[in-house]
Amino acid sequence: MYLNANNIIPLRQSGFRKGHSTTAALCDLTDNIVTAIDNKTTVALLLLDFTKAFDTLNHLLLVSKCSYYGFTQNLCRNENLDLAEHVINRDVNNAIIYSKHHNLQANPTKSKLLIYASKVHRNFIKSNINITVQQQKLVPVPYAKNLGLIIDDELKFTQHVNSLISQCYATLRVLYANKGILDKNMRKELCQALIISKISYCLVIYYPFLDVLTANRIQKILNNCCRFVNDLRKYDHVSRFLCDLNWLKLEGMYYYHLLAFVYRILHFPSPMYLSQKFIPRGTTHNVNIRNTTALILRNIVPHYFKK
């Protein structure tokens with residue numbers, strides 16, 4: 001309460017804060033990347049890893065530290081590769097120095113660098129960029145896991161979906177092996193807790209980037225869960241049974257989570273870095289119109305992400 005009341009916590013600090021979540025942080029990150037690409041700029045995403053951060057953190061120093069250092073955030077405006085590289089390396093060094101003061105040790109072997117640009121520019125930048133963490137050069141990678149979401153440099157989320165499907169089917173096989181000792185309500189609860197919860201995580205982020213075939217692959221998992229709960233055969237239709245279970249199809253799940261997500265942002269509003277992205281129509285001009293609370297929608301259809 002004290003930290004929030006006195007605005008001590010940085011705006012983009014999402015961990016262990018009321019109204020904030022990993023989904024919110026990843027949503028902000030993805031939106032910034034898409035906006036930059038839409039503006040024909042290049043983005044370098046650097047994910048730093050720290051060795052045993054919670055074990056080595058100096059808690060006495062942390063308690064006594066009441067301010068934070070500010071680092072350059074808007075790197076996507078740098079059009080010159082050499083200048084962008086200099087700024088990134090400078091901020092990385094500042095972050096490492098700051099971390100060492102808190103007994104945190106950066107781990108370059110687990111740190112990842114992703115480049116977002118058109119395919120031609122991305123290949124050129126990958127060949128020429130030189131970003132180092134503790135004198136160790138980071139080689140750009142095609143994808144990396146960030147807060148449980150596997151992000152790739154094309155924002156297709158193919159690796160995330162493949163991993164998700166593999167985990168869900170592995171769980172479903174275990175459930176089928178124990179089907180005889182589970183009643184219908186227990187089967188439903190287990191599917192919701194172990195499978196549907198995984199699909200729902202960050203669904204508002206990765207679903208808009210999926211093509212039809214990939215979305216259908218995830219929908220098949222929901223269908224198989226429905227067959228498992230209702231003891232149906234492999235090719236039995238499940239639409240009626242999904243309604244009986246009060247389960248939505250994948251597209252319906254996406255809109256449900258999206259509406260709930262946006263509602264929380266607009267009515268609390270939290271986190272601030274997302275609520276600031278929603279601009280009421282009445283704040284853009286002085287004309288008195290009826291729908292002053294309506295939002296201005298930003299059309300982002302980057303050619304880079306067209307399906």
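Helix axes are lines fitted to C-alpha atoms over the stretch in contact, and the angles between their N-to-C directions run from 0 to 180 degrees. The structure described here is a predicted model, in which local features need pLDDT of at least 70 and side-chain atom pairs count only at pLDDT 80 or more, while totals for chains, interfaces and linings use all residues. Residues are numbered from 1 along each chain as its sequence is written, and side-chain values use heavy atoms, with hydrogens and water left out.

**Helices H7 and H8**
- The axes of helix H7 (residues 158-177) and helix H8 (residues 184-200) come within 9 Å and cross at roughly 170 degrees; helices are DSSP runs of H or I with at least four residues, strands are runs of E with at least two, and both are numbered from the N terminus.
- H7 and H8 are therefore roughly antiparallel to each other, a term that applies to angles over 145 degrees.
- In H7, residues including Leu164, Cys168 and Leu172 meet residues of H8, among them Leu190, Leu194 and Ile195, where contact means heavy atoms within 4.5 Å.

**Strands E7 and E8**
- Strand E7 (residues 143-146) runs antiparallel to E8 and is joined to E8 by four bridges, pairing being assigned if DSSP finds at least two bridges.
- Alanine 144 stands opposite isoleucine 151 in E8.
- Two residues lie between E7 and E8 in their hairpin, and leucine 147 in the turn has a positive phi of about 55 degrees.

**Isoleucine 37**
- Isoleucine 37 lies in helix H2 (residues 22-38) and is buried, with a relative accessible area of 7%; buried means under 20% relative accessible area (1.4 Å probe, protein chains only).
- The C-alpha atoms of isoleucine 37 and serine 118 are separated by 8.2 Å, although these residues are 81 residues apart along the chain.

Definitions and conventions
Buried < 20%, exposed > 50% of the residue type's maximum accessible area, 1.4 Å probe, protein only. Parallel < 35°, antiparallel > 145°, perpendicular 65-115°, else oblique.
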